[in-house]
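Reader: Please take me through this structure by question and answer. Keep it plain, and define the terms as they come up.

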Amino acid sequence: MSAGELLPETWPETWSVVRDREDRYSVWADDKALPVGWSKEPISGTRDECLQRIKEIWIDPRPLGLRRAMA
Amino acid sequence: MNKLFAPNQTNDTVPVDEVSRRASDGFPLSLAQKRIWSLEQIGNSTVFPLQVLSLGWHTSVTLDQLQQALVQLAKRHSALRTRFHRFAGGRIEQFSDVGETPPVETLGSDSNPLTAVEAAEHEAEFISRPFDLLSGVSSRCQLIVTAQGTLKSTIVLHPIVCDDAALSILQRDLIALINNEALAPVIDDNLLRGAREEEWLETNDFTTALAHWRNLIGEEYTATTLPTRFNASGYAGAKRRHLPFQLDATLWTSVKLYAKQHALRPDLVLSAAFAILLARYSGNYSLQHGVLLSNRDADARGPIVCRVEQILPLKLELTSRARILDVCHAVDSAIVTGTRNLVPFERLVQEIQTHEEREQDAIVKSLFEFREPRIRSDLAPGTSPTLAPRSDIELALLVSPNESSGLDGLFDYAEDIYEPGLIERASIHFGRILAQAIGGTDIRIKDIQFIAEDELDILSAPYDDEGVNDDRPVHEHIAAHAARTPDKTAIIYADEVWSHARLDQSANRLAHRLVKLGVGADISVAIAVKRSPEAIVGILATLKAGGAYIPVEPDHPTTRNHHILHDGGVKVILTNSWLLDRIPDGLDATILELDKLDLSQEPDTAPDVHVHKNQLAYIMYTSGSTGLPKGVAVEHGPLTHHMQNTSRVYGMSELSRELPFLPFSSDGGHERWMNPLMEGGSIILPDQPLWTPEETLTAMRKHGANNASIPTTYLQQLAEWADLTDSAPPMRLYSFGGEGLAQQTFDLLSKALKSEWLINGYGPTETIMTPMVWKVRAGQKFEGTYAPIGRAVGNRRVYVLDPDLNPCPIGVTGELYIAGEGMARGYIGKPDITADRFIPDPFSKEGGRLYRSGDLTRWREDGTVEFVGRVDHQVKLRGYRIELGEIEAALLQQDGVGEALVVLRDDEATKQKMLVAYVVPKQGRELEIADIHSALERALPAYMVPSAIVPLTSMPINPNSKLDRFALPAPTPLKRTIIEPQNAVEAEVLDIWQQILNVSPISVEDNFFAIGGNSLGAIRILSALRQRKPQNRTTIADLFNNPTIRSFAKVIEAGNDQAGSEVIVLRASGTKPMLYCFPGLLVSTREYVKLVDYLGADQPATGFICYSLSEQKQIGASVDEIIESYVDYIRSHSKGQPCYFLGWSWGGLLAYEAARRLGDEIDLRLITMVDVCDLGTEFAIGSTPRFKPGERAQLHQTVQEWLSQTAMRAEWDRLLGVMDADTYDQFLRFVGDEKDELPTDGPDISSREHTFWILIDNALIFRRHQLQPHNVPIHSWAADDSLNRGLNLIDWRRYSPRANPAEIISGTNHLHVIGSQAFHSRLAHRLNEAL
């Protein structure tokens, strides 16, 4: 088998940018149930488009807890 | 509809009376029947087992009724009374007589019934009795009166006349006959099927249908099946295993309802579920498998008992997003299209598998068969038979509705190929697919869950660890020991010994300085010194100051280090004064030269810095396969928890003294010094990047090490040295990792290192150091290319997932994902790549992330994980999916190979893809590339053996310290030294070789076969030589035995020694009994070379020159005359000695006759027969050819015209001259049956005409030969293709009581079986048995 070979074809059309409670970002396929602890941002598109947007919006890599502690 | 199975009613129907009138005539067999006949001939009854209809009757049915009904049944169905006749030469025909009945044996009576046990015994014996098709009819019946007053009837039919659906017909008709119901008349044209098939295969319809399959399947295909056992390509026998299972009535009812709602046949839903099972298990959604076609639906002539079922290949292009309903429709339409283009499967296989040069995979490896339920009225309940198995395919799933309204399922599979545990789970998953598939219209393949939550919980679970972690960061754990045991040794480094207190105080002083320089939370400090106590002080000081350290190896390429220093945003660089020139200009960072730094004014107590759990501890740079290294940022909380968990799994304590050999540029290197120090133990830090094995072992012994952590490749060298010198100190634990570890290497470590525990560690930097370990006692065995990478450590879980993030079943390859607390924050400055690799964890109840590793893995039976390869390291070549790592592992197992790499690249000459291996020898070793190549041929399936192996002195490395794939050289033909001829004879031979082989330049020491020579080339060389030197008498054997120009020239000069001129020495030395190889019709003995190679250095072998190439060839020789010289040679060399014979094709007949002639003069342990068939039936004595009116005269005319044109007229005249009138008629018939024109391209040895001439000559030799019984041990093999062609294979059991039934070698044919690896392994096995 080849996971790599299958990935692009099987990835669905639409993905969303998602964020967890510590303000970490990732992407998630729209046709799959959203995992616990994550919420959708109002940004969707292809997987690549979503990743490009994350590059722009995820400015502070520190988790929320640390950010608060350092503030 | 296909004409073959539903002939046109108007012009093709044969009235009943005509069938019966012609019934005493013989009818040809269909292709399927011919195959079964061939299998029967070679004694194989497992592929097609006997067909059994065993019924228990209600008490109302009487014995008399049953007996009457059986007579009527036999009248109605000719299959019950078919006879077979073998004509002279081996042609088989079938016929039947209306008046005949099968034998019926009746046991017990009302007054004297049989007990249940007796009845079962008798029935079992009755069922297992073999048939003799040449002397009896094709079925037999047994009636038993049992104690309960009920009757049992058993009808056994030979599979050549019956299939499973036919049994249903028999059952239905028998019940009707017992009830005196009128049966609709049936037109039993059973016996005409073979002839119709023959005719149909000549039509355009056939050509069109065949084109459909050629187009659909093509030459490069992958037959889909479930994952096979590790190393299944080696010895795969015919042993079958069965797994029965049931699906309950509720499920079957729901499936039927779902089918009805969507206007589908219920069996299509089952068939779709099987397709889904294959797709999910293989990970390949382009399916090529099979369904069994009963071929009964459209039979207009009524239900006839005969064999018409056949395997229909299906090709489905699915994706995991396909809806189940779409899969059902895809299966349906593939069956409809396939049925419309139906070609007998035996013929299809022949037409598709046309590659001459390589073994080909079966077209269908896995099969689904749905069996209709049978009528059950009048039968006693509880007597329904279990599903009869089917063994004509690697793996079959049979499903049939059962008595309790549910489904009976049966997996019938080849035991050597599939793991029973995997099949059992597949049967459970088949049920789960069905149950979920029917849950709605929009269910997709990817929605189906194979693994239940509780199962996943167990599979993903980390090592048991009852301990509780505290939240103090790593440096505080280490510092605590300075307070408790200040004087205890912490670090041994060359002559230096550092106590815990000295380490802590030094770190504290530097930490104060760092704090002053602004180091704090998420501020990074570069540690640009070599591995030393100083480096550890720098790291601990950074952590104490609240900063994050970045290790920078001063020796690494400058470009890489500069990138790290810029990218990591370092504020402070700790280095030495002599390394300053390696630090780039223009950095906004303070540089501290540790050797010049005065810290005496700084306090030696810890600075008061609080560390948050999410604060960064370190940034580790990793090189991807492309681009610049990325910084992986790791926080304190996950780090300290990981370290504490690891301590417990490794069993670390204050007594631990570890030798950490891993470099500081890898995170594993840091784990292994932190761990002992956190526990109050100590480390022996090597003062050089590399120590010799001797230095390492000496240091371990001198300082009393009990743990060592060493990269796998270096550990192998260490173990080799320890093994050689027996110098390993006793150790508690070795941990290693970084590479796949083969069993052989692991065995060496086990044996040589005298360690209590071994730990194979695995981990991407992104999941912190060593998130997975496999901890075992020395001596552990594992199946697989590499040692397992075990389970997760600490607060982590590991998952093997498919591309849809569904967990893979055990044994199924998927990508490894790691979840839980133990992972990095992400990549420095790369939010998009972080978001791409660290994704939401769908399995967590609390929320969390999942790291996608890019590594292919599978869960093993024991729940540990096995490494398979990189996602991007798998290639597809000629339809095969190849894991390059597997080839590399095989290379690394070869003696002297230190590093190996395999790539798929384009052959510059042919523009075709090919596998190229690169190997680097171990220190001080030389590699014999040819030896490595032949070792790989033994170890790997043919499609995985690299086309070229290129030796390198070292692997090319790019500035990122990673392999530079672009710098790998293209394989070039080996640079040969051309040695010029040194005398006139050599010059003359060289000239001839260059001319005939069309190769230049040739060195006088080049091997004839290595530069492209073959038997035909050899013959041409000899005849060219004879033209130039008419007095020369050298033979082809001389050339084979002296295959260089130099050695051959010597033979010419020495003059000819007649003795041995028929003999080729294949291998002269070895302690095992001599193996004498008898050649086939047209081939030379060189074809045995690969085989002899496989059998190894201890197996001597001698070959004889093929008779058609022999110098001594005469027209009209007898077999006795031909074997004369072989027998003499064997007698003079092996008299009284043990030896083996091997006969391939007609060589088998020669071997057998030689054995008979030699009798007790030699100690013949075994004759091995490879695909030995009777020569063409056309020339058998007593076989009278049939001609259409006028055909004979016309053929005679054709032959005469042809003779007047051919350049081989003289040879043909001699051959035709020895024929009598009958034989000449047979020759004409043969000519008439040939599809091609008579050839006129002779007399060249490679011409069709020459081949034709040899064939006829041989036929004349053998037509007069009669095989006589001889008691000698014989083991035989048959090529699958020969069975599909229904070749007339010889059943040696007819001649020797010590002959075994033949084994089948799949994927090969008569010509190539001798080179087939599957055959080699089985032959080796049998020779050893006979030793």
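Author: A residue is buried if 20 or more other C-beta atoms lie within 10 Å of its own, exposed if 12 or fewer, and partly exposed in between, with C-beta atoms placed from the backbone. The model is predicted, so local features need pLDDT of at least 70 and side-chain atom pairs count only at pLDDT 80 or more, while totals for chains, interfaces and linings use all residues. Residues are numbered from 1 along each chain as its sequence is written, and chains are lettered from A and ligands numbered from 1 in the order in which they are written.

Reader: Is B:Ala545 buried or exposed?

Author: B:Ala545 lies in the loop between H17 and strand S17 (548–551) of chain B. Helices (H or I, at least four residues) and strands (E, at least two) are DSSP runs, numbered from the N terminus. Because B:Ala545 has 31 other C-beta atoms within 10 Å, the residue is buried.

Reader: How far apart in space are B:Ala545 and B:Ala511, C-alpha to C-alpha?

Author: Contact here means that the C-beta atoms of two residues, placed from the backbone, lie within 7 Å. Leaving aside neighbours within four places in sequence, B:Ala545 is in contact with residues including B:Ala511, B:Leu514 and B:Pro607. B:Ala545 and B:Ala511 are 34 residues apart in sequence, and their C-alpha atoms are separated by 5.1 Å.

Reader: Why is H16(B) called oblique to H17(B)?

Author: Axes are lines fitted to C-alpha atoms, for helices over the stretch in contact, and angles run from 0 to 180 degrees between N-to-C directions. The axes of helix H16 (residues 500–516) and helix H17 (residues 533–544) of chain B come within 8 Å and cross at roughly 55 degrees. That makes H16(B) oblique to H17(B), because angles under 35 degrees count as roughly parallel, over 145 as roughly antiparallel, 65 to 115 as roughly perpendicular and the rest as oblique.

Reader: Which strands are the edge strands of the sheet in chain B?

Author: The open sheet has 7 strands in the order S40-S42-S41-S43-S44-S45-S46 (chain B), with mixed pairing. Two strands pair if DSSP finds at least two bridges between them. Pairing on one side only marks the edge strands of chain B, S40 (1063–1067) and S46 (1303–1305).

Reader: Which residue stands opposite B:Val1063 in S42(B)?

Author: S40(B) is mostly covered, with 4 of its 5 residues buried. S40(B) pairs with strand S42 (residues 1101–1104) of chain B in the antiparallel sense, over 4 bridges. Opposite B:Val1063, S42(B) places B:Phe1104.

Reader: In what order do the elements of chain A run from the N terminus on?

Author: Chain A has 3 helices and 3 strands. Of its 71 residues, 37% count as buried. From the N terminus on, the order of elements in chain A is α-β-β-β-α-α.

Reader: Which element gives the most to the side of chain A that touches chain B?

Author: In the contact between the chains, 32 residues of chain A meet 39 residues of chain B. Elements giving two or more residues to this side of chain A include helix H1 (3–10) and strand S1 (15–20). With 6 residues, the element that gives the most to the side of chain A touching chain B is H1(A).
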